[in-house]
Amino acid sequence: MISSTGGPAEGDTLDAGATSLLRQPKAVWATAGASVVAFMGIGLVDPILPSIAKGLDATPSQVSLLFTSYFLITAFAMLLTGFVSSRIGGRRTLLLGLALVVVFAGLAGTSGSVGELVGFRAGWGLGNALFVSTALAVIVGAAAGGSAAAILLYESALGLGMACGPLLGALLGDASWRYPFFGTAFLMAVGFLCIAAFLKEQPRPARKTSPLDPIRALGHGGLASAAVSAFFYNYTFFTVLAFTPFVLNMTPYKSGAVFFCWGVLLAVFSVIVAPRMQARFGSLKVLGGSLVLLAVDVLVLGYGDHTTAVVCTILSGAFIGVNNTVYTELALGVSDAPRPVASAGYNFVRWFAAAAAPYFAPKIEEWTDIHIPFVVAAVTAAAGAVVVLVRRKALTHEAEELQPRHAAEDSVTVFAN
């Protein structure tokens, strides 16, 4: 856990977590393994977007709705995940989410039109939201070695999934765009069986969560500021993730390799680099600087030649990894709301941008030219940095006062970090 000033909290350092990282019960490994596959589903379709467009005779803006439907449902599901898990328990919530992903990922592979595929991705998003929003709570509850080891393991699963998703999509999608969906359904079915076999039910929270609790939590100035800044940032993030494959216009193998390298940088900078930068410079300075650099990167991506676009796409993974980690810390530590509630409210706001960017980026290209979507993405990244600058007192002083109150509550995740 990172303190409000960006340094490691006493007794909860990265090194301490790494020491016991590998000594975990089977239940933890089962949940972490399923988490890898769940995060793979986010970038799985990246290298096959052009293939899907060709196979279903669809335009880029139509195919990009695969992300829009997925994250739009995810945003609304954030209001329900705490409601569900506080009533049926963490284990059943995980299994329900996995079952939905298995069903809808399998159905996605049978789609006969882009409309069907978009609808099945929406169901997939609901299942993924239920699973991922509960996974860290379960890992922390079952892990050996304290919360540091559990969080490090979870973030490692996130990074590995984000890196391997495009690679799996490329390997299976080279034969047919349908195979990555079937492959995901199979892997999630294996995860379902592992969790059913190895994970025991976790204790339920003393208080049941209402769907309105996350909305009420956003009344806190610090949490609302983090959510608004993350909203702008997520628009940039998902412009890169969902629109760039059409700009690069590469084969599934080459596109998969590009986004695999992107995912590796995301994982390394999220798990290893960001905490050390926070400890040295402070969270808000790191976040503001990373957002500005991301804005410059996507602007160069939009106006550079093909080689420059590839390099900038990969490099964006480093800035995205840093941003993900710092935003997570801010969202979980800045308010007095219970962490599951704060997480749900924060995600409810920011995932609307993840739904908007894949739709509007190709539309903006149709209305203007191929450069302008990246100009808009650069502006939104810069807007996120401005929010951090203007609201820096709410994002630091309130977090400092509330930090001790949350010391024993490391049992929630911010979806997709």
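The following exercises, each with a worked solution, concern a predicted model.

Local features are reported at pLDDT of at least 70 and side-chain atom pairs at pLDDT 80 or more, while totals for chains, interfaces and linings use all residues. Residues are numbered from 1 along each chain as its sequence is written, and side-chain values use heavy atoms, with hydrogens and water left out.

**Exercise 1. Aromatic pairs**

Task: Determine how many aromatic pairs the model holds, and describe the geometry of the pair Phe 76 and Phe 352.

Solution.

Step 1. Rings of Phe, Tyr and Trp (its six-membered ring) pair if their centres lie within 6.5 Å; planes under 30 degrees apart are stacked, over 60 edge-to-face, and the rest tilted. By this rule the count is 18 aromatic pairs.

Step 2. The rings of Phe 76 and Phe 352 are 5.3 Å apart, centre to centre, with 90 degrees between the planes, and the pair is edge-to-face.

Step 3. Helices are DSSP runs of H or I with at least four residues, numbered from the N terminus. Phe 76 belongs to helix α5 (residues 65-88) and Phe 352 to helix α15 (residues 339-367), so this pair ties together parts that are 276 residues apart in sequence.

Step 4. Phe 352 also pairs with Phe 348: the ring centres are 5.1 Å apart and the planes stand at 80 degrees, so this pair too is edge-to-face. Phe 348 and Phe 352 are four residues apart in helix α15, about one helical turn.

Step 5. A residue is buried under 20% relative accessible area, exposed over 50%, and partly exposed in between (1.4 Å probe, protein chains only). Phe 76, at 44%, is partly exposed; Phe 352, at 25%, is partly exposed; Phe 348, at 15%, is buried.

**Exercise 2. An aromatic cluster and charges over rings**

Task: Identify which arginine lies over the face of Trp 124 and which lies over the face of Trp 351.

Solution.

Step 1. A charge sits over a ring if NZ of Lys or CZ of Arg is within 6 Å of the ring centre and within 35 degrees of the ring normal.

Step 2. Over the face of Trp 124 lies Arg 121, at 4.8 Å from the ring centre. Over the face of Trp 351 lies Arg 350, at 4.4 Å from the ring centre.

Step 3. Trp 124 and Trp 351 are members of one aromatic cluster, which also includes Tyr 70, Phe 71, Trp 177 and Phe 181.

**Exercise 3. Salt bridges**

Task: State how many salt bridges a search of the whole structure finds, and locate each one.

Solution.

Step 1. A salt bridge is a side-chain nitrogen of Lys or Arg within 4 Å of a carboxyl oxygen of Asp or Glu. The search finds two.

Step 2. One joins Asp 213 and Arg 216, with the closest N and O atoms 2.8 Å apart. Both residues lie in helix α10 (residues 213-217), three residues apart, about one turn of the helix. Asp 213 is buried at 8% relative accessibility, whereas Arg 216 is exposed at 53%.

Step 3. Another joins Glu 366 and Lys 363, with the closest N and O atoms 4.0 Å apart. These residues are three apart in helix α15, about one turn of the helix. Glu 366 is partly exposed at 46% relative accessibility.

**Exercise 4. The largest nonpolar core**

Task: Name the residues that touch the most other members of the largest nonpolar core, and find which helix gives the largest share of this core.

Solution.

Step 1. A nonpolar core is a set of buried Ala, Val, Leu, Ile, Met, Phe, Trp, Tyr and Cys residues joined through side-chain atoms within 4.5 Å.

Step 2. The largest core has 118 residues, and Ile 52, Phe 71, Phe 131, Phe 181, Ile 195, Phe 238 and Trp 262 touch the most other members. Helix α11 (residues 221-248) supplies the largest share, 14 residues.

**Exercise 5. Positive phi**

Task: Compare the phi values and locations of Asp 57 and Asn 249.

Solution.

Step 1. Most residues other than glycine have a negative phi.

Step 2. Asp 57 has a positive phi, near 55 degrees. Asp 57 lies in the loop between α3 (49-55) and α4 (60-63), and is exposed at 73% relative accessible area.

Step 3. Asn 249 has a positive phi, near 50 degrees. Asn 249 is in the loop between α11 and α12 (252-281), and is exposed at 61% relative accessibility.

Methods:
Helix = DSSP H or I, 4+ residues; strand = E, 2+ residues; numbered from the N terminus.
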